[in-house]
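Please read it beside the model.

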Amino acid sequence: MNKDVNVDALFLGPKSENRVFYKEMMEYAITEHMHWRSGFHPEDSALVTPHCQYQPDFRDTLYRTEDILRDLSSRLKTKSVPWFSPRYLGHMNADTLMVSHLAYVMTMMYNQNNCAVEASPVTTDLELEAGRDLCQMFGYDVGKSWGHITSGGTVANYEGIWVARNLKSMPLAMAHHDGAKDLVAGLTEQQLLNMKTSDVLDLTDELKKRGIFEQVRELSARGVGVEPGKLGKFLVPRSKHYSWMKAMDILGLGQEHIVPLDVDSNYRTDVKKMREITFRLMEEGTPILGMVSVVGTTEEGSVDAVHEVVKLRQECEDKYGSSFYIHVDAAYGGYVRSMFLDEESQFMDYDALVDSYRSKEIIPEGVVWPKRDVYDAFQAMSEADSITVDPHKVGYIPYSAGAVAMKDSRIVDLISYHAAYVFEESDEQDVGDKPVMLGSSIMEGSKAGSTAAAVWAAHRLVPLNISGYGHVIGRGIVTADWFTNKLATAEPFVVQGRSFEVRPLMHPDFHMVNFTFKELGNDSLADHNSLNQRVYERCSYASGRAYSKDFLTSSTSLTVDEYGDTPSIYVRERGFDVQEWETEGSVYILRSAVMTTFLRDEVRFSQYWNNLRDIFTQILTEIVDEENKKSLSHSAA
Ligand SMILES: *Cc1c(COP(=O)(O)O)cnc(C)c1O
């Protein structure tokens, strides 16, 4: 049997093409649940009787229910953004998997709460299994690692830094406990604050053996708090998601202890500068609380060189005896690691990979993906201490599904509100038996079991390897490549004698395509920014527009505050004076995550592009008309 998924069979489709199957299975879900109810203690008689149902106010309540739902439907249809359509290329949204919708709805009727296994005997297991799937995708040892679902990447990031904080503060806590002192005897404070993750966790094993783990744990940051700056600096690329600022705030670590890492012309962390900063901190004796690498930056989809971070950590361990915690924020790009795995979940070597892409028709000849350093970065993810990934982004699973994976499951004990022995006692082969009281081992409390079912079901149908998600994600990557090339070579749009040239910011690492329009001959960056903002206003639902000439995208501003001078590279490329950048300090761009799977061949894409050219022409015409009208009314006044 061919193990490869057929991507067109996974989604309801832009025109609800798969409606018959979808409806049938939706009905199956509902009918099954009803049977379950009526079959539960058949000796119990019905409690809502026909007599009750014929009461006037009973009918009235049903009518009002219907009214409300009609109202809701009308609201949803009027203003929702049509993620399912290839006309939408904006945030990380597209059609979502039918199997996940169905699993979600089916489970929702059972209203499972994954806070505690008692309230979710079925779905807690599904969550743990989904967590193991993700650990395996990241190259972690499934028996030793730990992953679970969060509400999103934000909370996953919080959890990453939460464990890092508690871990970092454990050796100091040991030094302050009479029964543990000897374990860290002779180490300076500096050394205590720079221990290797695995070394700290080995020491916690010893504490558990001595029966003082809980006592010492209460002397770590979780019990006694953190002295400002004590745990050191948190190195995060400038391309970071703003959840990191929130994280430093919430966890009491202080935003001022973030050291921003500059990005290079590809919007990846500048490796040379990262190394300089790290070595400087090492020389100064300033501890490093952790380092974040972003795999798929939110704004550019850029992939940081995780392999360089891993290498740097090794160098620091060798040269200074100092280590640091590595968290990979792969909220956006995490699922892409499945594109590198064979059906046995082995990371493929580069040439075999490219061969498979060709033979499976995932990536055609002429599309260069992955770049070699992107490949290396994904491979090195297995060395990170923890990883954030969002099933509700490139997993094509409905909200709200994020996840965090941790390389060494022992680290959970540092944040857990279980007694440590609860973990120790569980059956060794089956990590599924580990923290079944999820609520006391994670950041959140009550949470939907339906989400776990949705993620679990997706992973069963669409394996996290080249034959599953490889096909799904590959389509977006290929379309993004075609889109970028069209933008890079497009003839200018001529509107009433004025010419507007569109160009991409760069060739993306993944499937985020950023681009801008520039009026040829107008070298004011302020005008450029306002032009693109006006294009965006016509490509968004913010103003509640009609459906006439739809192309939908998102936008963002690359500012000097966030990015330093990196955006000036593009600004100069587009022919602006560097002076313009210095005065303006930002460049407004249109931002398109190309997640759609429906533009799968060049014929379809060419039609799409031709239509898009017409839409751009219409939009630019509208903008020019508006300007003409304005200048006319000015001269009239
Ligand atoms: C989306 C994103 C987040 C936040 O994830 P949510 O699911 O929105 O909470 C964090 N980091 C990166 C890189 C992201 O792209």
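## Terms and basis

Two strands pair if DSSP finds at least two bridges between them. Helices (H or I, at least four residues) and strands (E, at least two) are DSSP runs, numbered from the N terminus.

The model is predicted: local features need pLDDT of at least 70, side-chain atom pairs count only at pLDDT 80 or more, and totals for chains, interfaces and linings use all residues. Residues are numbered from 1 along each chain as its sequence is written, and side-chain values use heavy atoms, with hydrogens and water left out.

Angles here run from 0 to 180 degrees between N-to-C directions, and axes are lines fitted to C-alpha atoms, for helices over the stretch in contact.

Strands β9 (residues 498-504) and β10 (residues 512-519) run antiparallel and are joined by five bridges. Within that pair, Val502 has Phe517 in β10 as its bridge partner. The loop between β8 and β9 holds Gln496. Gln496 has a phi near 45°, a positive value in a residue other than glycine.

## The seven-stranded sheet

A second topic is the sheet of seven strands. This sheet is open, and its order is β1-β7-β6-β5-β4-β2-β3. The pairing is mixed. Strands β1 (146-150) and β3 (258-261) stand at the edges with a single partner strand each, so one side of each has no neighbour in the sheet. Neighbouring strands are turned by 20° against each other on average, direction ignored.

Strand β2 (residues 233-237) pairs with β3 in the parallel sense, over four bridges. Pro237 stands opposite Leu261 in β3. Phe234 stands opposite Ile258 in β3. From β2 the chain crosses through helix α11 (residues 243-250) to β3, and this β-α-β crossover is right-handed. Right-handed is used in this sense: with the strands pointing away from the viewer, the path from the first strand over the helix to the second runs clockwise.

## The ligand site

Around the ligand lie 16 residues. Gly153, Thr154, Asp329, Asp390 and Lys393 come nearest. Being near means that a residue has a heavy atom within 4 Å of the molecule or strand. By class, this shell has four nonpolar, nine polar and three charged residues. Ala, Val, Leu, Ile, Met, Phe, Trp, Tyr, Cys and Pro count as nonpolar, Asp, Glu, Lys and Arg as charged, and the others, Gly among them, as polar. Helix α6 (residues 153-175) gives the most to the shell, with three residues.

Which atoms of Gly153, Thr154 and Asp390 face oxygen atoms of the ligand? For Gly153, a backbone N or O atom lies 2.8 Å from a ligand oxygen. For Thr154, a polar side-chain atom lies 2.5 Å from an oxygen atom of the ligand. For Asp390, a polar side-chain atom lies 2.6 Å from a ligand oxygen. The ligand taken alone exposes 380 Å², and the protein buries 87% of that. These areas come from the Shrake-Rupley method with a 1.4 Å probe; for residues, only the protein chains shown count as cover.

## Backbone exceptions

Two cis peptide bonds deserve a look. The bond from Trp369 to Pro370 is cis, with omega near -5°. Pro370 lies in the loop between α14 (350-359) and α15 (372-380). Tyr399 and Ser400 are also joined by a cis peptide bond, with omega about 5°. Ser400 is in the loop between β6 (386-389) and β7 (402-406).

Ser345 has a positive phi, near 65°, in a residue other than glycine. Ser345 is placed in the loop between β5 (326-330) and α14.

Technical notes. Polar contact = N/O pair within 3.5 Å; in protein donor to acceptor, adjacent residues only side chain to side chain.
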